[in-house]
Every structure is written in structure tokens, then in C-alpha cells.
Amino acid sequence: MYTFSDNLIKTLAEARKIAVLTGAGISAESGVATFRDPNGLWAKFRPEELASMDGFLKNPLLVWEWYQARREVIDRVKPNPGHTTLVAMQDWYEECGGSFTLITQNVDRLHQQAGSRDVLELHGNIIENYCSRCKKPHEYRYTADTDVKEPPRCGYCGGMIRPAVVWFGEMLPVDALEAAQDAASECEVFFSIGTSAEVYPAAGLPIEAKRAGAMFIEVNPNQTAITRYADVVIAAPSGEALPVLFEKVRAWQA
Ligand code: BV8
Ligand code: ZN
């Protein structure tokens with residue numbers, strides 16, 4: 001079972017400004033493949049081939065099919081205890097008069113499905129779509145019973161419809177990124193959960209928080225590019241470790 005130092009539990013029980021960055025790893029226990037794990041999504045293709053506008057324009061059918069295959073999984077999976085513990089933590093810290101900012105690189109919206117509020121989505125979402133040419137939002141939504149094999153066309157300009165995710169080489173949504181950077185520079189504790197910390201500018205947030213004086217906690221069964229900067233490393237699956245950790249925080253009596 002997982003044991004945590006009294007200092008960690010005391011710090012978390014007394015902190016009032018928490019920020020959390022999540023990546024694909026927090027959805028792994030729901031059955032959603034990560035990108036860089038051995039059997040991950042990138043195992044067969046290079047990221048730039050699939051998650052970029054160039055890749056989409058070069059091979060729209062391959063990229064569209066890859067997103068449809070991911071949507072098929074995301075359409076039927078459920079949040080896991082890692083997601084639901086973050087909801088309970090947001091409730092608890094806000095009830096204590098504190099702040100809890102959830103920043104995610106994930107596009108599966110499982111945090112919102114679990115009940116997390118005001119989620120900062122740095123890389124967009126896989127549910128919505130818009131026109132790759134005139135950028136107008138498009139009403140297409142994936143459903144398991146419709147088999148849309150190629151990108152629908154825009155009713156205004158005839159352009160190909162694309163998922164509302166942020167591809168490589170594309171700007172992150174400015175409001176979400178600025179709010180995430182503010183939270184990283186103002187928080188007392190910063191969690192990095194289930195991310196390999198290889199994609200920027202998201203991966204810079206934990207280091208910004210640490211530089212600004214926060215306690216940096218990493219939750220990941222594997223080493224990452226930023227493990228060496230962590231004050232506390234919880235080398236465990238988030239769906240198992242987070243519920244145990246938060247139970248102890250909630251029960252802490254100074
Ligand atoms: C941009 C699309 C600039 C959506 C994705 C420095 C600064 C700025 C940019 C760059 C820079 N250096 C390089 C760049 C370019 C690039 C970049 O970072 N490249 C990397 C590869 C070096 N960044 C960009 O292009 C970004 N855009 O900066 O634009 C700009 C400026 C002006 C004008 C125009 C442009 C855009 C980045 C977004 C890219 N989009 N995907 C989609 O299809 O999903 S990235 C892709 O990787 C996903 O979005 C994902 O969110 C992201 C990060 O992956 P992770 O979530 O970490 O997943 P991964 O599989 O890697 O790791 C999972 C982890 O979980 C593992 O560590 C594993 O151990 C752990 N785990 C497994 N099981 C569990 C677990 N943990 C806990 N519990 C478990 N049970
Ligand atoms: Zn259009």
C-alpha cells in the first residue's frame with residue numbers, strides 16, 4: 001500500500017492554492033491509450049504525421065481515421081478514481097476557501113465527465129470539430145452508430161472538417177495558457193500527473209511553479225524528463241495513489 005510522509009500530508013492539508021497538470025496517464029486506467037508508452041498511440045506513427053496540419057493535409061483519411069478510432073474508445077470509457085479524486089480535491093480546497101486549478105493536456109474530457117469545473121484545456125478537445133479552412137465551428141459529433149470514414153465538408157467554404165485539438169506547430173488557446181501560467185506562478189503546491197512532460201509549452205509549467213516557490217509533486221509510475229526536479233515523487237498509477245493520498249489529507253488533524 002502507499003505511504004506518505006507526515007510533512008507531505010501536513011503541507012497538502014494546510015495549502016490553499018493548488019495547481020494540477022494532467023496528461024494521458026491519468027486516463028490510462030480508464031482504458032484510453034497514452035501516446036508514448038510502449039503500446040501507445042505513437043508506437044506506429046510519428047506524432048507530426050498524425051497530430052499536425054501538414055499531416056492532415058497530406059493524408060486526411062489516415063488522420064481522420066486515427067481520430068475516429070480514438071473517439072470510438074473515448075465514447076465508451078468512464079472516468080477512473082484518479083479523475084474522481086481530483087473532483088473531490090477541488091470541492092475540498094474550495095470549501096476551505098482555497099483555489100484548485102486543473103490544467104490538462106488531455107482532449108478526452110474525462111475530467112469534465114467526472115465533475116471537474118473550470119478545466120483549462122491546453123490542447124483542445126477531441127469531441128468538437130471545425131473547418132480547417134474558414135475555422136467556422138462544425139456540428140459533426142462522433143457517434144458509435146455513424147461510420148464517417150472521411151472528414152465531412154464545411155457547409156460555408158467546402159473545406160475539410162478537423163477535430164478541435166491543438167496540433168503540433170499550432171498555438172495553444174491563449175486564455176487557457178495564460179490562466180495556467182498564472183496558476184503555476186501563484187500556487188503553493190503543483191502536481192504533475194500522468195504526463196511524460198515532453199510537449200511544450202505545457203511541460204514548462206511544473207518548472208515555472210517550482211521556480212516560483214511551489215512544492216512540486218509528480219505522480220507517474222515511470223521516470224520522466226522532470227522527475228529530477230520533483231520535491232516528492234509518487235511512483236504509482238494515479239488511479240490508485242490519489243485516493244489514498246487525499247484520504248490522508250482530509251483526515252489530517254494538525
Ligand atoms: C506550440 C494533439 C508554438 C492533440 C498534441 C518549446 C516551446 C514551444 C513549442 C515547442 C518547444 N519545443 C518544441 C516545441 C514544439 C512542440 C513540442 O513540444 N514538441 C515536442 C515533441 C518536443 N510544441 C508544439 O508544437 C505546441 N505548439 O508551441 O506552438 C507556436 C508559436 C507561435 C505560432 C504558432 C505556434 C503544440 C503542442 C500540442 C501538440 N498536440 N496532440 C491530440 O491528438 O491528442 S501533443 C500530445 O502529447 C497530446 O496532446 C498529449 O497531451 C501530449 C503530451 O503527452 P502526455 O499527455 O504526456 O502523454 P504521454 O503518452 O507522453 O505520457 C503519458 C505518461 O503517463 C507517461 O509518462 C506514463 O509513464 C504515464 N502513465 C501511464 N500510466 C499511468 C501514468 N501516470 C499515472 N498513472 C497511470 N496509470
Ligand atoms: Zn469552412
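This is a predicted model: local features need pLDDT of at least 70, side-chain atom pairs count only at pLDDT 80 or more; totals for chains, interfaces and linings use all residues.
At 26% relative accessibility, Arg109 counts as partly exposed. Arg109 pairs up with Glu128 in a salt bridge, with 3.6 Å between the closest N and O atoms. Glu128 is also partly exposed, at 31% relative accessibility. What does the pair tie together? Glu128 sits in strand β4 (residues 124-131) and Arg109 in the loop between β2 (99-104) and α7, so the bridge links parts that are 19 residues apart in sequence.

**Two domains**

The chain splits into domain 1 (1-32 + 79-123 + 172-254) and domain 2 (33-76 + 128-165). So much for the ranges; how far apart do the C-alpha centres of the two domains lie? That distance is 28 Å.

Where the two domains meet, 13 residues of domain 1 are in contact with 10 residues of domain 2. Together they bury an area of about 870 Å², with carbon and sulfur atoms giving 61% of it. On the domain 1 side, Ala24, Val32 and Val107 lose the most area to domain 2, and these three together make up 44% of what that side buries.

How many salt bridges run between domain 1 and domain 2? The count is one. Residue pairs in polar contact between the domains, with both partners at pLDDT 80 or more, come to zero. By class, the face that domain 1 turns to domain 2 has five nonpolar, five polar and three charged residues.

**Salt bridges**

Over the model as a whole, the salt bridge count comes to 10. Here are some of them, with the N to O distance for each.

| Salt bridge | N to O distance |
|---|---|
| Arg117 and Asp91 | 2.9 Å |
| Arg117 and Glu94 | 2.8 Å |
| Glu128 and Arg109 | 3.6 Å |

Arg117 turns up in two of these rows. The side chains of Arg117 and Asp91 meet at 2.9 Å. Arg117 lies in the loop between α7 (110-114) and β3 (120-121), while Asp91 is in helix α6 (residues 81-95), so this bridge ties together parts that are 26 residues apart in sequence.

Then there's Glu94, whose side chain meets that of Arg117 at 2.8 Å. Glu94 is in helix α6 and Arg117 in the loop between α7 and β3, so here the parts tied together are 23 residues apart in sequence.

Are these three side chains buried, partly exposed or exposed? Arg117 is partly exposed, with a relative accessible area of 32%. Asp91 is partly exposed too, at 29%, and Glu94 counts as partly exposed at 34%. Through shared partners, the salt bridges join Asp91, Glu94 and Arg117 into one network.

Most residues other than glycine have a negative phi, and most peptide bonds are trans. A few spots in this model are worth checking against that.

Take the peptide bond from Tyr200 to Pro201: it is cis, with omega near 0°. Pro201 is in the loop between β7 (189-193) and α9 (205-211). Ala197 has its place in the loop between β7 and α9 as well. Ala197 isn't glycine, yet its phi is positive, near 55°. Is Ala197 buried or exposed? With 3% relative accessibility, Ala197 counts as buried.

Asp118 likewise has a positive phi, near 55°, in a residue other than glycine. Asp118 counts as exposed, at 67% relative accessibility.

**Around Asn80**

One last stop is Asn80, found in the loop between α5 (60-76) and α6. Asn80 is buried, with a relative accessible area of 4%. Which side chain does Asn80 join in a polar contact? That partner is Ser30, at 2.9 Å. Setting aside neighbours within four places in sequence, Asn80 is in contact with Ile26, Ser27, Glu29, Ser30 and Gly239.

Note on methods
Residues are numbered from 1 along each chain as its sequence is written. Chains are lettered from A and ligands numbered from 1 in the order in which they are written. Side-chain values use heavy atoms; hydrogens and water are left out. Domain bounds come from an automatic or database domain assignment. Contact means heavy atoms within 4.5 Å. Buried area is the accessible area (1.4 Å probe) that two parts lose on being put together, summed over both. A salt bridge is a side-chain nitrogen of Lys or Arg within 4 Å of a carboxyl oxygen of Asp or Glu. A polar contact is a pair of N or O atoms within 3.5 Å; within protein, one must be able to donate a hydrogen and the other to accept it, and residues adjacent in sequence count only if both atoms are side-chain atoms. Ala, Val, Leu, Ile, Met, Phe, Trp, Tyr, Cys and Pro count as nonpolar, Asp, Glu, Lys and Arg as charged, and the others, Gly among them, as polar. Helices (H or I, at least four residues) and strands (E, at least two) are DSSP runs, numbered from the N terminus. Buried means under 20% relative accessible area, exposed over 50%, partly exposed in between (1.4 Å probe, protein chains only).
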